[in-house]
Every structure is written in C-alpha cells, then in structure tokens.
Amino acid sequence: INSAPSEVHLLLENCSDLETPWSFLFPKDLQVELEYWARTGEFTEEELNEIKLQDNKIFTIQPKKGVLAAGSSVTVTLAYKHIF
C-alpha cells in the first residue's frame with residue numbers, strides 16, 4: 001500500500017497505410033445511461049468495490065487517445081496505484 005505505481009508500457013504501431021484513431025475508455029467515459037432496473041437496487045459488494053476503484057482513479061492511462069499516422073507508433077503507459 002502507498003508504494004510506487006505499477007506501470008505497463010504498450011507500444012502501438014500502425015502498420016497500415018491509413019491514419020488510425022485509437023482510445024482507451026473507462027466505464028465513466030462511455031457515459032451510458034443505465035436502465036431504470038439497474039439503478040434501483042442495492043449494490044453488491046463487487047459493484048461497490050468497482051465504484052470505489054473508479055472514484056479514486058487507481059488506474060491511469062497516458063495518453064488515453066490519439067491518431068496514429070501510417071507507419072508511426074506511440075507508447076501508452078498504464079499505471080496502477082496501490083492505495084488500498
């Protein structure tokens with residue numbers, strides 16, 4: 001707990017001849033309206049834990065989106081903070 005974040009680096013490479021947009025989305029980024037039946041019940045322990053993880057921004061991604069030109073590449077860093 002409270003140690004340095006764990007990091008994973010991904011190299012995305014566009015091997016095509018076209019520009020390629022890309023993005024990483026968290027559930028909140030999707031801004032999907034929940035069905036009525038999904039909003040009205042009690043949360044399970046697993047759902048509460050997921051909300052806690054999202055609200056405390058335990059996971060970060062840099063950069064979260066971009067456009068890769070033909071033949072180009074980008075390194076994406078995913079980090080996990082050990083705060084719980």
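**Exercise 1. In which sense do strand β1 and strand β5 pair, and over how many bridges?**

Before the solution, two remarks on the source. This is a predicted model, in which local features need pLDDT of at least 70 and side-chain atom pairs count only at pLDDT 80 or more, while totals for chains, interfaces and linings use all residues. Residues are numbered from 1 along each chain as its sequence is written, and side-chain values use heavy atoms, with hydrogens and water left out.

*Solution.* Strands are DSSP runs of E with at least two residues, helices are runs of H or I with at least four, and both are numbered from the N terminus. Two strands pair if DSSP finds at least two bridges between them. Strand β1 (residues 6-13) and strand β5 (residues 73-80) pair in the antiparallel sense, over 8 bridges, and within this pairing E7 stands opposite A79. Strand β5 also pairs with strand β3 (residues 59-62), again in the antiparallel sense, over 4 bridges, and here F59 has Y80 as its bridge partner.

**Exercise 2. Classify the ring pair of W22 and F24, then that of F59 and Y80.**

*Solution.* A pair of aromatic rings is described by the distance of the centres and the angle of the planes. Rings of Phe, Tyr and Trp (its six-membered ring) pair if their centres lie within 6.5 Å, and planes under 30 degrees apart count as stacked, over 60 as edge-to-face and the rest as tilted. This rule gives 2 aromatic pairs. The ring centres of W22 and F24 are 6.0 Å apart with planes at 75 degrees, so this pair is edge-to-face. The ring centres of F59 and Y80 are 5.2 Å apart with planes at 40 degrees, so that pair is tilted. The pair of F59 in strand β3 and Y80 in strand β5 links distant parts of the chain, 21 residues apart.

**Exercise 3. Is N14 buried or exposed, and which residues does its side chain contact?**

*Solution.* Buried means under 20% relative accessible area, exposed means over 50%, and partly exposed lies in between (1.4 Å probe, protein chains only). N14, placed in the loop between β1 and β2 (20-23), has 6% relative accessibility and therefore counts as buried. A polar contact is a pair of N or O atoms within 3.5 Å; within protein, one must be able to donate a hydrogen and the other to accept it, and residues adjacent in sequence count only if both atoms are side-chain atoms. The side chain of N14 reaches the backbone oxygen of L18 at 2.7 Å and makes a polar contact with the side chain of T20 at 3.1 Å.
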